[in-house]
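Please keep the display open and look for each part as it comes up.

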Amino acid sequence: MRVFAGSSNPDLAKDIAHYVGKTGPSAMMRKRFSDGETYVRIDESVRGCNVFLIQGTSFPTNDNLIELLLMIDACRRASAHQITAVIPYYGYARADRLIDPDRRRREALTSKLVANMLSTAGTDRIVLVDIHSPQTCGFFDIPVDHVYASSVLEKYVRAKGLNDIVVVAPDVGGVARARAFAKGVNDSPLAIIDKRRDGHNVAKVLNLVGDVKDRTAILVDDMIDTAGTICEAAKMLRERGARQVFACSTHAIFSGPAIDRLSSGVFEEVIVTNSIAVPPEKRFEQLTILSIAELLGEQV
Ligand code: R5P
């Protein structure tokens, strides 16, 4: 068995390799040509081996996706027995349906396209973490294991021993996720926010269904990207009388204005996982990062 680390999240890959009893990921060389093209070379024999490639596809999404495809291709050409792509964050997960508001239907279905590319490159099995919509697993015609990192977040929140919790879905699409989370956190009540988007990356909160007054509100989302969704939601919860507001999210994309928004004091704590590597310059006082290395190690 071999574990290889792409460049998206080397620390997580190292922890997964340790968890499965390796001293570290196997050797692999990657470099960038001056025109921006990527080069990958596997530096250990993989002939007849079960190979696990740890590579998320975010930041920079396209570069990390291409690198993963090259890793898969290199292993396939080197006669690996079985290739599993462990993708802690699946970029383009939100492009899982045609959403053009003008209904012209001339968009790309990128999430499906990426699934096709991964299969065509030679992947035998995929491991995904808290995918935006579970039906994305159906885009693949190869086995997919969908791992729920929310279990790590729930355990952490339970251990905090907070009182009067209400779990809040920041939009209608996140209700099933928030309901499952609420169940995992002492069967807490649920509230739902009605969010609309005026355009890509612009979140507007409209209404709140449920009671948050004098409660500890825990906003649950699969990802924090620009942090517009979660911060608008938090502001509304404060206005409606929530005593404390926490954010729990698996994927810390943290793009654009995210850090300024998240560190503005609207949250008691922002709890995420290491599915995406958070560089030191994006860390702030209220941030807690939980590890999913064991969870993924169990898939290897
Ligand atoms: C949307 O459906 C997702 O679950 C997230 O709420 C959203 O993508 C977060 O994006 P942002 O942080 O940019 O508002």
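1. Please bear in mind throughout that this is a predicted model.

2. Is strand 2 well covered or hardly covered? Strand 2, which runs over residues 28–32, is hardly covered, since none of its five residues counts as buried.

3. The open sheet deserves a separate look: it has five strands in the order 1-4-5-6-7, with parallel pairing. Strand 1 (2–5) and strand 7 (144–147) are its edge strands, each pairing on one side only, and neighbouring strands are turned against each other by 20° on average, with direction ignored.

4. Within this sheet, strand 5 (residues 82–87) pairs with strand 6 (residues 125–129) in the parallel sense over four bridges, and Ile 87 has Leu 128 of strand 6 as its bridge partner. Helix 1 packs on the sheet, where it touches strand 1 and strand 4 (50–54), and its direction makes about 165° with that of strand 1.

5. The chain is divided into domain 1 (2–147) and domain 2 (150–291), and their centres, taken over C-alpha atoms, are separated by 27 Å. The contact takes 13 residues from domain 1 and ten residues from domain 2. On the side of domain 1 that touches domain 2, helix 1 (residues 10–19) gives the largest share, three residues, and the residues of that side divide into five nonpolar, five polar and three charged.

Methods:
Residues are numbered from 1 along each chain as its sequence is written. This is a predicted model: local features need pLDDT of at least 70, side-chain atom pairs count only at pLDDT 80 or more; totals for chains, interfaces and linings use all residues. A residue is buried if 20 or more other C-beta atoms lie within 10 Å of its own, exposed if 12 or fewer, and partly exposed in between; C-beta atoms are placed from the backbone. Helices (H or I, at least four residues) and strands (E, at least two) are DSSP runs, numbered from the N terminus. Domain bounds come from an automatic or database domain assignment. Two residues are in contact if their C-beta atoms, placed from the backbone, lie within 7 Å. Ala, Val, Leu, Ile, Met, Phe, Trp, Tyr, Cys and Pro count as nonpolar, Asp, Glu, Lys and Arg as charged, and the others, Gly among them, as polar. Two strands pair if DSSP finds at least two bridges between them. Axes are lines fitted to C-alpha atoms, for helices over the stretch in contact, and angles run from 0 to 180 degrees between N-to-C directions.
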